[in-house]
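Welcome, and please take a moment with the sequence and the model before reading on. The notes below walk through a few places worth a look.

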Amino acid sequence: MDPRDTAVLLPPASDDRVTDGFFDCAEESAHYAFGVQLLLTQYASLVPWEREGVAELGSGDARAIAHVVRAVPALRVHGTDISGSSVARARETIEGVGVADRYTVEHGDFFAWADSAGGERVSTVIANPPYLPAPDGELLMPELWGGWYGNDLALRLLKAGFDHLLVALPSYSDPAGTLAVAAEQGFRVANFLAMGLEFGVYSREPKVREHISRLTAEGRGWAGEDEYVVAVALLTRSPELRRDRAVELLRALQLPV
Ligand SMILES: C[S@@+](CC[C@H](N)C(=O)[O-])C[C@H]1O[C@@H](n2cnc3c(N)ncnc32)[C@H](O)[C@@H]1O
């Protein structure tokens with residue numbers, strides 16, 4: 001397909017409230033969707049998604065990626081989500097968008113699925129993973145907890161045996177630490193789309209916000225008064241990649257290099 005055929009529509013803005021049981025942040029999900037569509041199509045020669053399909057960690061209510069699947073006819077996605085109410089919503093979304101033949105979502109832990117998929121595994125994962133840093137997971141939506149630094153799930157993905165990750169990396173969840181592990185695991189940064197976001201209802205929760213202030217003061221990330229930056233980045237082990245943009249990515253996330 002011609003990558004200029006970008007047909008991802010912006011969803012209506014989220015209300016500033018916690019929606020019962022599933023992740024709801026229209027701006028963040030739209031950025032994830034745009035990033036996935038552009039980077040997959042632009043790097044189709046490096047990333048074998050047309051042949052293998054892709055796996056998704058945390059499909060949420062599927063509004064983000066259902067529209068990408070509709071816009072990109074060769075794309076097949078197998079999603080998982082650990083939240084039962086998200087999976088119920090995701091299945092409704094997928095039916096409504098008319099892509100049930102190419103986008104399935106199952107209920108469960110992504111890593112359990114990845115371990116059990118064995119030889120049939122795909123080599124590409126897409127994810128807007130849980131990335132809230134907090135001392136513990138007692139949060140407005142516990143499924144969004146990313147551990148002390150917020151990057152636990154990104155680090156697990158890097159070590160899960162996939163060769164290509166299209167993953168959202170927020171500036172406040174120790175992205176330099178994540179990229180250091182990525183480099184150790186043989187990944188380089190092919191490209192990324194970065195966008196500034198205001199703190200939403202989940203990162204504004206006092207326990208999360210105070211923790212973010214602590215981490216950023218220690219130099220483990222960046223956040224402004226009520227804003228941060230997220231980059232949807234393509235990390236790949238492909239030997240054919242010619243340029244590593246890790247330094248540019250850290251700069252876009254406002255981190256010193
Ligand atoms: C930030 S939300 C992203 C949702 C959706 N992809 C989007 O961008 O709109 C992260 C999602 O990951 C799910 N999740 C958390 N831990 C998971 C795990 N171990 N396996 C699968 N899904 C998980 C959460 O329930 C949540 O729906």
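D174 has 29 C-beta neighbours inside 10 Å, so D174 counts as buried. Keep in mind that this is a predicted model. D174 sits in the loop between β5 (164-170) and α7 (175-184), and its phi is positive, about 50°, although D174 is not a glycine. Q254 also has a positive phi without being a glycine, near 70°. Its place is in the segment after α9 (246-252). Because 19 C-beta neighbours lie inside 10 Å, Q254 counts as partly exposed; the cut-off for buried is 20 or more.

Here are these two residues side by side:

| Residue | Phi | C-beta neighbours inside 10 Å | Class |
|---|---|---|---|
| D174 | about 50° | 29 | buried |
| Q254 | near 70° | 19 | partly exposed |

Now to the sheet. Which way do the residues of strand β1 (residues 54-57) point? V54 and E56 face one way, A55 and L57 face the other, and all are buried. β1 runs parallel to strand β2 (residues 77-81), with four bridges joining them, and L57 stands opposite T80 in β2.

Helix α3 itself is mostly covered, with seven of its nine residues buried. Among them are R63 and H67, along with I65 and V68. What do the buried residues of α3 pack against? Their partners are α1, β1, β2, α4 (84-97) and β3 (103-107).

Beyond its neighbours within four places in sequence, A233 is in contact with V167, L169, V189, F192 and L249. As background, nonpolar side chains tend to be buried together in soluble globular proteins.

Finally, the ligand. Of the 20 residues around the ligand, S29, G58, G60, F110 and E143 come nearest. The shell is made of nine nonpolar, eight polar and three charged residues. Helix α1 (26-42) and strand β2 each supply at least two residues of this shell.

Notes:
Residues numbered from 1 in each chain as written. Predicted model: local features only at pLDDT ≥ 70, side-chain atom pairs only at ≥ 80, totals over all residues. Buried ≥ 20, exposed ≤ 12 C-beta atoms within 10 Å, placed from the backbone. Pairing = 2+ DSSP bridges. Near = placed C-beta within 6 Å. Nonpolar A, V, L, I, M, F, W, Y, C, P; charged D, E, K, R; others polar. Contact = placed C-beta atoms within 7 Å.
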